[in-house]
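Subject: Structure for you to look at

Hello,

Here is the structure I said I would pass on. Please open it first and then read the notes below.

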Amino acid sequence: MARSPAPRSSSPKNTPVTRPTFTLTPRIDHEGWAKAMAQQVISLSRHTDQSEQLAILRLDPPELGPIRVMISMTDGLANAVFGSANAQVRQVIENSLPELA
């Protein structure tokens with residue numbers, strides 16, 4: 001028996017989805033950036049009322065583009081996935097991971 005696809009959403013297709021957007025104040029090349037990012041991600045994980053949350057982090061300088069952060073909570077443990085189109089930003093995130101541990 002074939003199943004029909006589940007409805008995607010009751011909202012109209014052209015309705016934009018808004019995501020929380022935050023600005024990281026220190027410049028990405030500042031030594032305090034990793035700590036600021038870690039604090040922002042921890043704050044997001046503590047204030048989510050859903051099992052999953054997507055947020056956008058704006059960077060300084062803005063030309064580096066945003067960081068997309070997906071946080072999921074399972075049994076009180078947070079899992080964060082970071083995404084950036086900029087190779088420099090991805091490297092800085094990777095170097096900052098110990099701050100999140």
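**The nonpolar core**

In this predicted model, the largest nonpolar core has 18 residues, and those with the most contacts inside it are Trp33, Met37, Leu59 and Ile67. A nonpolar core here is a set of buried Ala, Val, Leu, Ile, Met, Phe, Trp, Tyr and Cys residues joined through side-chain atoms within 4.5 Å. Buried means under 20% relative accessible area, exposed means over 50%, and partly exposed is in between (1.4 Å probe, protein chains only). At least two residues of this core come from each of α1 (33-46), β2 (52-58), β3 (67-74) and α2 (87-100). The largest share, five residues, is supplied by α1. Helices (H or I, at least four residues) and strands (E, at least two) are DSSP runs, numbered from the N terminus.

Which residues does Ile67 touch, not counting those up to four places away in sequence? They are Trp33, Ala55, Ile56, Leu57, Leu59, Phe82, Gly83, Val89 and Ile93. Touching, or contact, means heavy atoms within 4.5 Å.

A note on the conventions: residues are numbered from 1 along each chain as its sequence is written. Local features need pLDDT of at least 70, side-chain atom pairs count only at pLDDT 80 or more, totals for chains, interfaces and linings use all residues, and side-chain values use heavy atoms, with hydrogens and water left out.

**The sheet**

Four strands form an open sheet in the order β1-β2-β3-β4, with mixed pairing. β1 and β4 stand at the edges with a single partner strand each, so one side of each has no neighbour in the sheet. On average, neighbouring strands of this sheet are turned by 25° against each other, direction ignored. Two strands pair if DSSP finds at least two bridges between them.

Going through the pairs:

- β1 and β2 run parallel and are joined by three bridges; Thr23 has Arg58 in β2 as its bridge partner.
- β2 and β3 pair in the antiparallel sense over six bridges; Leu54 has Met70 in β3 as its bridge partner.
- β3 and β4 run antiparallel and are joined by seven bridges; Arg68 has Gly83 in β4 as its bridge partner.

β2 is mostly covered, since five of its seven residues are buried. In the loop between β2 and β3 lies Pro61. The peptide bond from Asp60 to Pro61 is cis, with omega near 5°.

**Helix α1**

α1 lies across β1, β2, β3 and β4 and runs at about 45° to β3. Axes are lines fitted to C-alpha atoms, for helices over the stretch in contact, and angles run from 0 to 180 degrees between N-to-C directions.

The 14 residues of α1 should span 20 Å at 1.5 Å a residue, and its end C-alpha atoms are 20 Å apart, which agrees. The expected span is 1.5 Å times one less than the number of residues.

The buried residues of α1 are Trp33, Ala34, Ala36, Met37, Ala38, Gln40, Val41, Leu44 and Ser45. They pack against β1 (21-23), β2, β3, β4 (77-83) and α2.

Leaving aside neighbours within four places in sequence, Ala38 is in contact with Glu99 and Leu100. Ala38 and Glu99 are 61 residues apart along the chain, yet their C-alpha atoms are separated by 6.0 Å.

Regards
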